[in-house]
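Trainee: Let us go through this structure by question and answer. Keep it short, please.

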Amino acid sequence: MTTDTAVAAGVKVPGTTLAREATELIRDTTSELIYHHSRRVYFFGSLQGHRRDLSFDPELLYLGAMFHDVGLNEAFHGSGRRFEVDSAAEAKRFLQAHGVPEDSIRRVWTAIALHTTPGVPEFMEPEVALVTAGVEYDVLGIGYEDLSAEDRAAVVALHPRPDFKNRILRAFADGIRPKPQTTFGNVKADVLEHFVPGFERGNFVRTILDSPWTE
């Protein structure tokens with residue numbers, strides 16, 4: 001049995017069997033891009049948690065970070081659901097199979113499902129808030145100066161991000177192109193508008209005015 005002893009910027013990957021098996025699953029079923037991104041989300045989320053003086057469960061944060069983009073996989077292209085929900089459901093199946101308590105499963109599911117919904121997770125449980133914080137840090141650079149250059153360098157040395165901006169955008173586009181209707185009202189509409197010729201985003205005002213109600 002291998003043991004994950006990865007440490008960056010003073011943050012350790014949980015040494016539990018559950019975390020180890022989750023790591024192996026994500027390495028086997030996702031791209032190198034998504035694997036490294038997911039690990040960075042854990043490290044950056046943890047560092048933000050320490051900076052904010054939040055008390056959080058490292059294992060639950062790790063599980064949320066590792067599964068948060070699984071729904072981009074080709075296996076889910078025909079689901080008709082938002083990729084965040086597919087990712088959350090996959091994490092839930094994994095955790096239920098390992099006998100994890102329902103409250104812990106709920107936290108992980110919520111953290112994943114809401115990780116692209118800004119303005120909400122930060123007011124929820126620490127694990128939910130910090131998955132989003134890690135994603136926002138790694139993808140959007142939100143709070144970039146909150147962490148030291150040394151800590152950033154340590155995390156990136158462990159999990160490199162070559163041409164990450166372009167590669168993650170392509171991964172988003174590939175993962176949601178087959179189900180464009182799932183981008184209504186969320187940030188991934190921006191991705192399809194940029195990458196898919198002829199894509200038309202849903203319009204909230206038009207949806208209301210064109211509804212079957214007479215007034």
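**Helix packing**

Mentor: In this predicted model, α2 crosses α3 with right-handed sense.

Trainee: At what angle do α2 and helix α3 pack?
Mentor: Helix α3 spans residues 58-67. The axes of α2 and α3 are 8 Å apart. Their packing angle is about 145°.

Trainee: Which residues of α3 does α2 meet?
Mentor: On the α2 side are Y35, S38, R39, V41, Y42, G45 and S46. By class, this contact of α2 with α3 divides into 8 nonpolar, 3 polar and 1 charged. The α3 partners are P58, L61, Y62, A65 and M66.

Trainee: Are α2 and α6 roughly parallel or roughly perpendicular to each other?
Mentor: The axes of α2 and α6 lie 7 Å apart. Their angle is about 115°. Angles of 65 to 115 degrees count as roughly perpendicular. Therefore α2 and α6 are roughly perpendicular.

Trainee: Which residues of α6 make the contact with α2?
Mentor: The crossing of these two, α2 and α6, is right-handed. From α2 come H37, R40, V41, F44, G45, Q48 and G49. From α6 come L130, V131, A133, G134, V135, Y137, D138 and V139.

Trainee: How many nonpolar residues does the contact of α2 with α6 have?
Mentor: Sort the contact by class. It has 5 polar and 2 charged residues. The nonpolar residues number 8.

Trainee: How many aromatic pairs does the structure hold, and is the pair of F44 and Y137 stacked or tilted?
Mentor: The structure holds 6 aromatic pairs. The ring centres of F44 and Y137 are 4.6 Å apart. Their planes are at 40°, so the pair is tilted.

Trainee: How many residues apart are F44 and Y137?
Mentor: F44 is in helix α2, residues 32-51. Y137 is in helix α6. The pair links distant parts of the chain, 93 residues apart.

Trainee: Are α5 and α6 roughly parallel or roughly perpendicular to each other?
Mentor: Helix α5 covers residues 102-113, and helix α6 covers residues 126-140. Their axes come within 8 Å and cross at roughly 30°. Angles under 35 degrees count as roughly parallel. Therefore α5 and α6 are roughly parallel.

Trainee: Which residues of α6 does α5 meet?
Mentor: The crossing of α5 and α6 is right-handed. α5 brings R107, T110 and A111. In α6 they meet P126, E127, V128 and V131.

**The annotated stretch**

Trainee: What percentage of residues 35-122 is helix?
Mentor: An unreviewed UniProt entry annotates residues 35-122 as "domain: HD". The end C-alpha atoms of that stretch are 24 Å apart.

Key: Residues numbered from 1 in each chain as written. Predicted model: local features only at pLDDT ≥ 70, side-chain atom pairs only at ≥ 80, totals over all residues. Heavy atoms only, no water. UniProt positions renumbered as here; feature names shortened; annotations may be inferred. Helix = DSSP H or I, 4+ residues; strand = E, 2+ residues; numbered from the N terminus. Axes fitted to C-alpha atoms, helices over the stretch in contact; angles between N-to-C directions. Parallel < 35°, antiparallel > 145°, perpendicular 65-115°, else oblique. Left-handed = near helix turned anticlockwise from the far one by under 90°. Contact = heavy atoms within 4.5 Å. Phe/Tyr/Trp six-rings, centres within 6.5 Å; stacked < 30°, edge-to-face > 60°. Nonpolar A, V, L, I, M, F, W, Y, C, P; charged D, E, K, R; others polar.
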